[in-house]
Structure formats: C-alpha cells, structure tokens
Amino acid sequence: MITDDPEHLWYDLKHVQGLTKLLTTDGEMIPLSNEEVEFLLRFGGEEQVVEISKGVFEGSKVKIISGPLVGKEGLIKKIDYHKRRATLEVEMFGRKQVIRLGLEVKMEKA
C-alpha cells in the first residue's frame, strides 16, 4: 500500500486482526516485494497457517514429498528430527532470515 500518511497507516495496521508484527528497518516500514508476497502465500496461504511438510530419506538426503517445503530442499540448513522442525535461510526484507517450519521425516521402505 502506498500512502502519504504513514503514521495513520501504522495505526490502522496495528488494529488488523491476524496481523501480529509490522516489518520495519530503523523504524521505517518495509513494503514486501511481489516475490516475498508469493513466497509467504506459498507457505501460509490466505489462512496464514503453515502446514507440516513430510519427507523421506533417499540415501543420505531428505526428499520432501508433501507440504509447503516441496521443491525447497535447497533452503533447508538444518533438520531437528526430534522436534520435527526444519530451519531454513531465506533472503527477505533485504537480509537473510531464519525460518523454522514443521517437517516430519520417515525412513523410506526398501
């Protein structure tokens, strides 16, 4: 949204249900790029809920077979198998962001 009155916009956005945090850098609101919006919608959808992804071991690598992480294996930097969580590093808001998403990995049956 483009505005000439950022303070009024800031106030209005603070009262939007479901919006929990305004993105800022040095106190200045940061607009999302189209690519960032597409990325966030791919993971959370319109409902803003991220489904758990499922994967299997293929040799020593994990292959994601369902969920929002399908095709995003290259973004995964760490997997906590006990907590069923993947840690990703993505470029957003002009810097690298760490994101943790649900991931259940099962051994592939021979």
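**Exercise 1. Which residues in α2 are buried?**

Solution. The model is predicted: local features need pLDDT of at least 70, side-chain atom pairs count only at pLDDT 80 or more, and totals for chains, interfaces and linings use all residues. Residues are numbered from 1 along each chain as its sequence is written, and side-chain values use heavy atoms, with hydrogens and water left out.

Step 1. Helices (H or I, at least four residues) and strands (E, at least two) are DSSP runs, numbered from the N terminus. Buried means under 20% relative accessible area, exposed over 50%, and partly exposed in between (1.4 Å probe, protein chains only).

Step 2. Apply them. The buried residues in α2 are E36, F39, F43 and G44.

Step 3. Find their arrangement. Seen down the axis of α2, the buried residues line one face of the helix, because they fall within an arc of 105 degrees (taken from the directions from the helix axis to the C-beta atoms). An α-helix has 3.6 residues a turn, so residues three or four places apart point the same way.

Step 4. Look at both sides. The buried residues of α2 pack against β6 (85–92) and β7 (95–106), with contact meaning heavy atoms within 4.5 Å. On the face turned away from the buried side are the exposed residues N34 and E38.

**Exercise 2. Is L41 buried or partly exposed?**

Solution. Step 1. L41 belongs to helix α2. With a relative accessible area of 39%, L41 is partly exposed.

Step 1. L32, V37, L40 and L41 form a nonpolar surface patch, with about 280 Å² of accessible area together.

**Exercise 3. How many helices and strands are in the chain?**

Solution. Step 1. The chain has two helices and seven strands.

Step 1. Their order from the N terminus is α-β-β-α-β-β-β-β-β.

Terms used:
Patch = residues over 30% accessible without salt bridge, like charges linked within 9 Å, V, L, I, M, F, W, Y side chains within 5 Å. Areas by Shrake-Rupley, 256 points an atom, 1.4 Å probe, with all protein chains shown as cover. Salt bridge = Lys/Arg side-chain N within 4 Å of Asp/Glu carboxyl O.
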